[in-house]
Amino acid sequence: MTWSMQFAPFFSWPVLAALAVPAAVLVAILVAVRMRGSVLRILALAALMLALLNPVVLREERDPLKSVVALVVDDSQSQTIGQRSAETATAVKALQESLARFPDFEVRTVQAKNGNPGSSDATTALFGALGSALGDVPPARVAGAIMVTDGQVHDIPADAATLGFDAPVHGLVTGRADEFDRRIEITTSPRFGLVDQDQQLTFRVIEDGPRASQSPVDVRVFLNGDQIGRQQVTPGVDASYDFSLPRAGRNIIELSAARDPDEITPVNNRAIAEVDGIRENLRVLLVSGEPHAGERTWRNLLKSDASVDLVHFTILRPPEKQDGTPIDELSLIAFPTRELFVEKIDDFDLIIFDRYQQRGVLPALYFDYIAQYVEKGGAMLVASGPEYAGNDSVATTSLASILPALPTGTIEQEAFRPALSDLGRKHPVTRDLPGSDQTPPAWSEWFRSIDVETPRGETVMNGPGGKPLLVLDRAGEGRVALLLSDQGWLWSRGFEGGGPHVALFRRLAHWLMKEPELDEEALGAEARGDDLVVTRQTIGEDPGPATVVTPSGEARQVPLTQVGEGRWEGTLKTEELGLYQAANGDLRTLANVGPVNPQEYREAVSTTDKLQPIADATRGSVRRIAADGTVDVPRIVPVRGRADANGRDWIGLKTTEETVLRGVDRTPLFAGFLGLAVLLLTISATWFREGR
């Protein structure tokens with residue numbers, strides 16, 4: 001209960017001031033002339049003015065408020081190292097029991113986890129959690145903060161004033177002072193790189209703790225999961241590694257430092273860099289044979305793609321023209337056959353024969369070179385017409401060894417509507433082609449196709465009577481496609497509504513050039529928020545579950561569910577940041593969850609150094625709680641004001657003097673008979689003095 005007094009005047013302050021001025025003048029005159037009875041007159045005027053001011057006595061009933069203690073628990077992934085989790089749980093339980101003995105303290109416990117995996121970096125943000133816990137608490141009610149952590153905190157304010165309260169901050173640190181850890185960091189890495197061009201990254205091996213040395217460390221380098229090199233690196237010294245990207249799209253470079261048996265965790269012995277591979281303009285050699293209505297279809301399509309460098313030669317001499325004129329005298333420019341097919345054949349990403357047949361332009365030996373080019377990793381497309389079934393067909397050359405189907409000599413001359421085969425509905429080249437979801441497909445008819453023997457490749461489109469129309473195959477390390485009709489131009493010209501010629505031909509070209517997203521057997525993984533989504537692309541049956549290895553080395557089975565023709569998908573709820581490995585059958589892929597090389601793992605050795613400055617500035621303390629293997633939590637001691645809150649075996653928390661108002665009693669001093677009695681007394685005394 002508290003007492004106080006305030007004024008509740010009957011008039012406004014300007015009016016009271018106007019009355020007080022003449023009263024003050026009168027008092028001054030009375031004092032100056034020393035008139036008899038002046039003291040009583042002054043008291044009468046004072047009583048009158050006091051009555052107008054209406055003084056009120058307040059009696060307040062207040063209840064004391066509790067001081068708020070923030071108990072911030074570090075629940076980041078670095079706290080899972082060694083016995084830190086158990087030490088944290090023991091310390092938190094002991095602190096909660098100790099604080100419960102003080103009824104003047106209100107305890108708010110908050111778990112501080114790593115930042116969202118989708119954020120720019122994953123950090124241990126204890127002070128962010130502290131601000132959230134005390135956001136609705138007045139600064140005067142904050143008793144302090146106790147943080148149970150390994151000391152690796154990444155949002156420590158530089159100035160204690162930014163905390164928003166004046167109370168001690170204590171750090172109770174898990175882990176040991178003699179911990180040793182080895183980690184690897186990538187210092188520079190390209191974000192983008194040209195495929196098959198030399199790239200370079202620099203990295204550094206770092207050792208923390210009293211056992212750190214300068215002994216060389218074995219570092220292995222992986223590209224998309226395959227080891228591509230290893231080297232010896234001195235800790236603390238920058239090293240570099242040259243590599244080239246094998247494919248367009250996302251590539252993951254992984255560095256792995258050898259594990260030391262005495263280090264506290266191997267999680268940060270790996271570092272990754274994601275590099276997007278960019279192809280230089282794709283180099284395509286297009287050789288057109290006999291002139292036909294769709295001769296410019298391939299040329300127009302390839303020329304419309306800014307990423308394609310096209311070299312196009314057209315042989316305009318029809319086969320029936322035999323006038324003895326030498327071939328080199330018929331050309332507008334010389335056809336550089338030796339330069340293209342011998343000297344520079346490996347510079348091309350794709351060779352297309354569009355209705356080409358033997359005419360003595362290319363020597364038979366050159367077809368051997370083309371077959372070798374494909375088997376060594378090149379790509380070839382044969383867009384055939386009637387000439388493929390003739391005696392001068394390229395199928396009668398050395399190319400027969402790599403062609404996926406050989407002609408029977410029969411040409412089908414009837415209207416048919418191209419259709420996807422059962423395999424083609426799953427194959428990424430033809431899957432989901434616009435119009436293919438209807439029966440018959442919503443595209444125009446073709447009128448000619450070439451019969452072939454039983455193909456040895458993958459037939460993804462059928463012609464009349466279910467016969468092969470588009471066959472894909474692999475030859476050695478390269479790829480071959482065979483289109484058994486020259487009627488694709490009908491789609492490009494919009495005949496009867498046309499068809500998806502752009503989508504089909506572009507996918508076909510990109511499959512031949514080994515774009516990863518068009519592989520018929522592929523495994524992918526990507527992070528979507530807190531989920532790791534594993535995708536499986538197959539032209540076979542149920543591929544079975546995928547095996548996912550977490551950054552900590554735990555293997556988990558992820559069931560795959562069919563989500564479309566040839567597509568399967570599974571989801572794993574992630575709890576760790578870092579590099580995940582997914583496998584299914586012979587396929588393997590990598591995916592990073594969260595930021596690349598999160599800050600949470602860059603330093604794993606527990607420390608008291610980071611929290612010490614903010615603890616000193618707030619009169620708090622930082623100490624280890626399990627130095628000898630057993631958890632020893634300091635006593636809690638309430639302190640007042642700005643007293644020191646740090647002792648040998650205790651920590652102090654500030655008590656508040658804040659209260660909450662429960663009720664108020666108001667007693668006016670000059671109200672009613674009391675005020676009237678005072679006025680009458682002073683006036684009567686004045687009258688009595690004058691009467692004597």
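Tutor: A389 is buried, with a relative accessible area of 18%; buried means under 20%, exposed over 50% and partly exposed in between, using a 1.4 Å probe and protein chains only. This is a predicted model, where local features need pLDDT of at least 70, side-chain atom pairs count only at pLDDT 80 or more, and totals for chains, interfaces and linings use all residues. Residues are numbered from 1 along each chain as its sequence is written, and side-chain values use heavy atoms, leaving out hydrogens and water.

Student: Which residues does A389 touch, not counting those up to four places away in sequence?
Tutor: A389 is in the loop between β18 and β19 (407–412). Strands are DSSP runs of E of at least two residues, helices are runs of H or I of at least four, and both are numbered from the N terminus. With contact meaning heavy atoms within 4.5 Å, A389 touches P407, G409, T410, I411 and I450.

Student: What separates the C-alpha atoms of A389 and L484?
Tutor: Along the chain these two residues are 95 residues apart.

Student: Which are the edge strands of the eight-strand open sheet?
Tutor: Strands of a sheet pair through backbone hydrogen bonds, either parallel or antiparallel. Two strands count as paired if DSSP finds at least two bridges between them. The order here is β16-β15-β17-β18-β24-β23-β22-β20, with mixed pairing. Those that pair on one side only are β16 (308–314) and β20 (419–420).

Student: Which residue of β22 stands opposite L420?
Tutor: Strand β22 covers residues 458–462 and runs antiparallel to β20, joined to β20 by two bridges. Opposite L420 stands M461.

Student: In the four-strand open sheet, how many bridges join β25 to β26?
Tutor: That sheet has the order β25-β26-β30-β29, with antiparallel pairing. Its edge strands are β25 (522–528) and β29 (561–564). Within it, A522 has Q537 of β26 as its bridge partner. Strand β26 spans residues 531–537, and the number of bridges joining β25 to β26 is seven.

Student: Is V21 buried or exposed?
Tutor: V21 is found in helix α1 (residues 13–33). Its relative accessible area is 54%. Because that value lies over 50%, V21 is exposed.
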